[in-house]
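Me: Can you walk me through this structure? I'm new to this.

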Amino acid sequence: MMILLEDLVSRPGKNYYDVLGIKSSASMDDVKNAYRQELKKWHPDTYEGQNPEEASKKFRQVLTAYQVLADERARGRYDQVKRQAG
């Protein structure tokens, strides 16, 4: 998985902790639990809202956030780049 974290951090509104609704100090179990909750909420097959396009977008954001935050190396690098970006 090749993710350019510098690019991800520089995008406005893409704080992966916010996407999952957790603090940056969250444990790996917290990350996993938040991921599962958000995945259920935004999954295209179970979404009950009026805007399926928005649900699909949120679903992809949740997947990407989890890919970064569930991997300790990627999460460490993400946090480092976020700190450097200010």
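What follows is a short chat about a helix, a core and some rings.

Reply: This is a predicted model: local features need pLDDT of at least 70, side-chain atom pairs count only at pLDDT 80 or more, and totals for chains, interfaces and linings use all residues. Residues are numbered from 1 along each chain as its sequence is written, and side-chain values use heavy atoms, with hydrogens and water left out.

Me: What span should helix α4 have?

Reply: Helix α4 has 18 residues, 52-69, so at 1.5 Å a residue it should span 26 Å. Its end C-alpha atoms are 25 Å apart, which agrees. Helices here are DSSP runs (H or I, at least four residues), numbered from the N terminus. The expected span is 1.5 Å times one less than the number of residues.

Me: Which residues of α4 are buried?

Reply: Ala-55, Phe-59, Gln-61, Val-62, Ala-65, Val-68 and Leu-69. Buried means under 20% relative accessible area, exposed over 50%, partly exposed in between (1.4 Å probe, protein chains only).

Me: New topic. How many aromatic pairs are there?

Reply: The structure holds 4. Rings of Phe, Tyr and Trp (its six-membered ring) pair if their centres lie within 6.5 Å; planes under 30 degrees apart count as stacked, over 60 as edge-to-face and the rest as tilted.

Me: Why is the pair Tyr-35 and Tyr-66 stacked?

Reply: Their ring centres are 3.8 Å apart and their planes lie at 15°, so the pair is stacked. Tyr-35 is in helix α3 and Tyr-66 in helix α4, so the pair ties together parts 31 residues apart in sequence.

Me: Is Tyr-35 buried or exposed?

Reply: Tyr-35 is buried, at 15% relative accessible area. Tyr-66 is partly exposed, at 21%.

Methods. Helices (H or I, at least four residues) and strands (E, at least two) are DSSP runs, numbered from the N terminus.
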